[in-house]
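Colleague: Could we go through this model together? I would like to start with one of the annotated spans.

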Amino acid sequence: MSAGGGTKAIIAALVANAGIAAAKFTGFLITGSSSMLAESVHSLADTSNQGLLLLGQKTSQRAATRTHPFGFGRDRYFYSFIVALMLFSLGSVFALYEGIHKISEPEALTSPWVAVGILVVAIGLESYSFYTAIQESKKIKGDAGWWAFIRQAKTPELPVVLLEDAGALLGLVFALAGVGLSVVTGDPVWDGIGTVTIGLLLGVIAIILIIEMKSLLIGEGASEPDLDTIVDELAAGKVERVIHIRTLYIGPDEMLVAAKLALVPGLETADIAQAIDDAEARVRAKVPTAKLIYLEPDLDRSLA
């Protein structure tokens, strides 16, 4: 994925969340709703998260150095991991604390219809952000399902924005339900229950993101289809067999490929060099993210 699609989704989410956070906090000050406060903090955290994702995209573009010879592509994974931690701490933990406090010490809401109006508007803005993320994701996810896309994507920004926006929409529905039930029943405990539900939802999403971003930070190899393609393209021309291969994403748009190849016997040095060059060209043509390729000719000792 080019950074452009991810950037468009991030900016749409940032603008929407900044406006939503301000509106929700105003609603909290007017109504005293814990659901509104939890959602305010959630939107504030989301706004900060979009800024971190943009920062990660910027810093990942730095040129390679002697200390970091493969560049800084993994900065995007690092900042996405920080986003997941913030979603857990500022979003989930705070909402759980506030919800439990509201359940144990319920307080009547004032001007609850103000909260309802703000939440309805927020749902509209969040839906726009979510729609943008879906449209940008469709350009790269291919035939994969949404869950498979989130699990397998090597570019972290769109899965992060997708899950954040999905969580935000569900959280708004829970907040609306909490406030609505508090008005209908006259029992403000429902507002606290809605807040706790928001906290649990954000916790689940944050844990999913933490697991996925940790896996990318540690280092993931090529997907099975890409790995099969790479092996097929290597084992052609004057290459008889791929003896050994390792792949590793060193950034969302850059994969390292290292392999030992068994070549046709009796080749001259120039022919060996040409066979290696040809193999690299075939792989890059089919898998453009394979930008760093190190191939070593070797004897196929399995046949000895």
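Modeller: Residues 189-211 are 100% helix and 0% strand, where helices (H or I, at least four residues) and strands (E, at least two) are DSSP runs, numbered from the N terminus. The end C-alpha atoms of this span lie 33 Å apart. This is a predicted model, in which local features need pLDDT of at least 70, side-chain atom pairs count only at pLDDT 80 or more, and totals for chains, interfaces and linings use all residues. Residues are numbered from 1 along each chain as its sequence is written, and side-chain values use heavy atoms, without hydrogens and water.

Colleague: What does UniProt call residues 189-211?

Modeller: The unreviewed UniProt entry lists 189-211 under "transmembrane region", along with 77-97, 109-131 and 160-183. Such annotations may be inferred rather than shown by experiment.

Colleague: New topic: which residues of helix 8 are buried?

Modeller: In helix 8 (residues 224-234), they are Ile230, Glu233 and Leu234; buried means under 20% relative accessible area, exposed over 50%, and partly exposed in between (1.4 Å probe, protein chains only). Seen down the helix axis, these buried residues fall within an arc of 100° (taken from the directions from the axis to the C-beta atoms), so they line one face of helix 8.

Colleague: What does the face turned away from the buried side carry?

Modeller: That face of helix 8 carries the exposed residues Glu224, Pro225 and Asp232.
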